[in-house]
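Subject: Structure handover, with notes on cavities and domains

Dear colleague,

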Amino acid sequence: MKELQYLNKYLKKYWLKLLLGVIITIIARVFSLVMPSYVNKSIKAVEGSVNGTLSVPEAESLLLEYILIIIGAALLSALFTFLMRQTIINVSRYIEYDLKNEVFDHYQLLSLNFYKKNRIGDLMNRISEDVGQVRMYAGPAIMYGIQTLTLFACLIPLMFIKAPTLAAYTLLPLPFLSILIYQISKIIHQRSTKVQEFLSNLSTFTQESFSGVSVIKAYGLEPKMNSELKSLAHEGKETSMSLAKVNAWFFPLMILLIGISNILVIYIGGKQYINGTITSVGIIAEFILYVNMLTWPVAVVGWLTSIVQRAEASQKRINEFLNEQPSITNTEQKPTPVEGKIEFKNVSFTYEDTEITALNNVSFTIEPGQTVAFLGKTGSGKSTILDLVARLYDVSSGEILIDDVPVQKLNLDSLRSAIGAVPQDAFLFSDTIANNIRFGKENATQEEIENVAKKAAVHNNIMGFNKKYDTILGERGITLSGGQKQRVSIARALMKDPTIYLFDDCLSAVDTETEEEILTNLQKESKAKTTLIVSHRVSSAKNADKILVLEDGIVLQEGTHDKLNATEGYYKELYLDQLTDKHSSKVG
Ligand code: ADP
Ligand code: MG
């Protein structure tokens with residue numbers, strides 16, 4: 001129960017509702033106890049008229065009175081049972097809502113390293129499946145728990161007062177029922193977890209085969225995929241069957257044990273009536289009703305135990321993430337304006353998970369308003385530099401200064417809002433194009449949006465779509481080409497109008513003429529802004545105030561286009577190469 005203590009703060013938050021729920025539960029229970037004793041009384045009345053202690057009209061009117069009482073009590077019990085669910089189950093939904101929000105808020109705080117270490121599916125599972133399991137504890141488990149407790153507390157003493165020996169025999173099989181249900185629930189849970197796992201494998205497989213359909217067709221892999229699906233489905237059938245087999249035991253076992261209790265009541269009760277220990281057959285009818293009232297709660301005890309165990313396991317998984325501390329934290333509460341000077345002092349950086357040293361003793365200074373280009377082969381550390389500027393990671397050694405202040409000492413929100421980043425893998429949301437651009441500035445007008453789209457040279461493409469700026473992107477809509485995606489993503493960054501631009505190879509899928517056009521626009525736009533351009537093309541770098549050539553995380557060459565071009569080395573080779581096959585680089 002240690003892990004579930006985490007939920008106490010929520011139980012405290014809703015304590016009044018819960019208390020109300022408890023009171024209502026007890027009331028509902030008390031009303032439900034009226035019925036069996038009045039069945040007993042009714043039978044006694046019938047007996048009375050048969051053996052002559054009551055006249056027929058007397059017996060009939062008593063019978064009618066008792067039946068009306070039974071109906072009244074049943075209706076009231078039903079009403080309060082309804083109210084009980086309304087209060088307690090609702091509380092569990094509130095707690096589910098709060099917990100989901102808390103987990104999601106925490107996810108948002110965690111840094112990229114966390115997302116590298118954990119699979120997306122796992123993150124989704126903990127916020128949906130696991131929170132759902134925990135809700136079962138906060139709602140149904142608490143509700144049935146209270147219900148069962150009040151029932152036991154009222155009913156068992158009552159039975160012992162009315163007929164002690166009979167009570168003992170009747171109750172005898174019930175603990176076994178509890179234990180059996182617990183064991184079965186455990187097996188059901190194990191097997192249904194397997195079925196869950198299988199379902200998630202199956203959906204991953206089918207989803208991949210749908211999104212990769214062009215590759216499958218091009219390589220003629222249909223038969224192979226079919227047979228893989230067949231064997232996967234076969235495995236699924238086996239696990240589902242094994243679950244169905246235990247499931248099938250659940251009700252028969254319950255009915256068997258109720259049956260045994262009923263038989264005991266009739267047999268023992270019958271014998272006691274014959275030898276005179278009990279005076280009316282009514283008590284036998286009353287006890288049979290008690291047995292039936294007890295079975296479900298007794299089964300519930302077993303079921304609850306397994307629910308609580310599951311909730312415990314789920315809460316443990318949730319707590320693991322909630323206890324995870326964000327590795328990038330904000331240390332400065334008051335906003336710090338950013339001018340845009342960036343300085344790297346002997347910066348080295350090693351990725352935690354792969355232990356790859358992406359940057360090795362890198363130093364450079366960028367004055368506010370300067371444009372600096374980073375060139376180098378893939379894997380040379382260019383993207384890492386941009387990630388470090390945005391403080392998506394913290395350096396392993398050395399120091400990054402922004403406006404001569406160590407980047408860790410800046411207000412994180414101020415820093416991030418001063419940056420307009422276009423990442424290498426331009427990510428766009430499944431939303432309209434306009435909303436994707438608006439991501440850079442929430443209240444942007446249509447005119448502003450079109451304005452930046454023009455600068456990013458993507459306006460004409462967008463106007464070519466049927467729904468223009470309202471075109472939905474992604475799974476539910478149109479798929480943009482690589483170059484179009486990059487340009488929408490550039491428009492989004494321009495929309496933000498930041499102090500620092502980070503362009504990570506964002507023109508790689510754009511043809512050289514459009515590249516020229518965008519670069520000219522950007523130059524006008526970013527005159528007063530610090531701009532870091534990563535590229536593998538010399539054409540993007542030519543007009544930069546400074547060019548840094550990287551290799552294996554080390555700065556190989558540094559200077560202007562003219563200076564580097566006059567020096568033998570990587571830059572000059574690249575320049576000559578790209579000069580000659582300028583036209584082959586028309587992509588996008
Ligand atoms: P570039 O942008 O120049 O292609 P990167 O900065 O992306 O290079 O990568 C530099 C090195 O760091 C590469 O060797 C790459 O494999 C490694 N690397 C990049 N990103 C990660 C990451 N998120 N986790 C682990 N290693 C990474
Ligand atoms: Mg890169």
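How many nonpolar, polar and charged residues does the lining of the second largest cavity have? Before I come to that, please bear in mind that this is a predicted model, and that the count comes to two cavities of 30 Å³ or more.

The second largest cavity, with a volume of about 30 Å³, is lined by Thr512, Glu515, Glu516, Leu519 and Ser539, and by class this lining has one nonpolar, two polar and two charged residues. Helix 18, which covers residues 512-525, gives the most to this lining, with four residues.

The largest cavity holds about 60 Å³ of space, and its lining divides into four nonpolar, four polar and three charged residues. Those residues are Asp505, Cys506, Leu507, Ser508, Glu515, Ile533, Val534, Ser535, His536, Arg537 and Ser540, and the largest share of them, three residues, comes from strand 8, which spans residues 530-535.

As for the domains, the protein is divided into domain 1, residues 3-322, and domain 2, which is made up of the two segments 336-418 and 507-588. The C-alpha centres of domain 1 and domain 2 lie 61 Å apart.

With best regards

Notes
Residues numbered from 1 in each chain as written. Chains lettered and ligands numbered in written order. Predicted model: local features only at pLDDT ≥ 70, side-chain atom pairs only at ≥ 80, totals over all residues. Heavy atoms only, no water. 1 Å grid on protein atoms, 1.4 Å probe; cavity = no way out; pocket = protein on both sides within 12 Å on 5 of 7 lines; lining within 4 Å. Points joined across faces, edges and corners; volume = space filled by probe spheres on them. Helix = DSSP H or I, 4+ residues; strand = E, 2+ residues; numbered from the N terminus. Nonpolar A, V, L, I, M, F, W, Y, C, P; charged D, E, K, R; others polar. Domains from an automatic or database assignment.
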